[in-house]
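Me: Could we go through this structure together? Please begin with how its helices cross.

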Amino acid sequence: MRIENIEKTRLTADVFEEKNFGSSFSDHMLVCEFKENEWQEPVIKPYGQINFTPAMHALHYGQACFEGMKAFKGENGDVFLFRPEKNFERINKSAERLAMPAIPKEIFLDGLKALIDLDRAWVPSKYGMSLYIRPVIFSTEEIISARGSNSFMFVILTSIAPDYYNKPLRVKVADHYSRAANGGVGYAKAAGNYGASFYPTGLAKEEGFDQVIWTDAATHSYFEEAGTMNIFVRIEDKLLTAPISDRILNGVTRDSLILLAEKNGMTVEQRPIEVSEVYEANQNGSLKEVFGCGTAVVLNNFSAIGYTDKVMELPEITEESWGPQLKKQMNEIQYGIADDPFGWRVLVERK
Ligand code: COI
């Protein structure tokens, strides 16, 4: 791996006051090209523009997928990653589905650690803030024939991550638009899954909601995901989440919350969640909370769910609510404040 250092850092104290997620980029990025049937030597270089023509394949056919990860700074300045192997495995599952070449582990994991080590000063030390890491692979061939590209680029960029949402969300149950279909790409972190969500999300926003709860495309009667998050529903003392399928992203935060919840003695069921069952539970008082989770957001409780022409106002979040308790436990592991019983934290060594 080659490293080209910046001449002068762009880092200033204001960077850590950033309020917008994913808009303030660190000094360096990792770039690696795939051509002539193999991944070339990765280069870490100053963050900046890359050259392409309007015929670049990814712009036309969306052969692109990404990951979302974070680096956290502990009290003594140590920098940690969280379960990075999971993201490495998942990007290659996404790449396979999108007919893109798998990234070798040395490029993804060793490159990631070298990049974060180099830009460690960019990892915020304030609890609740972190450095968001965005690995992305996209097709780069200069061709508009509708077939898979023969060349690709893998880039890792990083940016400051304040709170993704700063309030409980009002979410609208999708009863027309869909995010994923059987046999489709819902389980992959395909760029197009996100691009296709903006229009229905915009319509929900016009009605006063923040996000959409995606339902099954066939009947719109089961919860699948919420915005860019996996979804959890607590009815009495049972936590429900939709089972992983080819329509649902196998979220690292989702998996971690299930393990944490079980460790707390909470019952977790991974099974289809019917919209009507949530509605009835809210009517009879057994619905305790509904929340979404993901790397960017960690965990965010919902305050209301729009369902056809009705709005279910959800119970107030209290000290007894499971969402905030699980978020705190998860954050304390991520920032190195609590013990790490599952071995999830990975220290970024200083070179
Ligand atoms: C993540 O949580 O990392 C996501 O994928 C959300 C992102 C699209 C902002």
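Reply: The crossing of α2 and α3 is right-handed, meaning that the near helix is turned clockwise from the far one by less than a right angle. Helices here are DSSP runs (H or I, at least four residues), numbered from the N terminus. This is a predicted model: local features need pLDDT of at least 70, side-chain atom pairs count only at pLDDT 80 or more, and totals for chains, interfaces and linings use all residues. Residues are numbered from 1 along each chain as its sequence is written, and side-chain values use heavy atoms, leaving out hydrogens and water.

Me: Which residues of α2 and α3 make the contact?

Reply: Pro84, Glu85, Asn87, Phe88 and Ile91 of α2 meet Lys105, Phe108, Leu109 and Leu112 of α3, where contact means heavy atoms within 4.5 Å.

Me: Now the ligand: what lies 2.6 Å from an oxygen atom of it?

Reply: That is a polar side-chain atom of Tyr132, a polar contact (a pair of N or O atoms within 3.5 Å). A polar backbone atom of Ala296 is 2.8 Å from a ligand oxygen atom, and for a backbone N or O atom of Thr295 the distance is 3.1 Å.

Technical notes:
Helices (H or I, at least four residues) and strands (E, at least two) are DSSP runs, numbered from the N terminus. A polar contact is a pair of N or O atoms within 3.5 Å; within protein, one must be able to donate a hydrogen and the other to accept it, and residues adjacent in sequence count only if both atoms are side-chain atoms.
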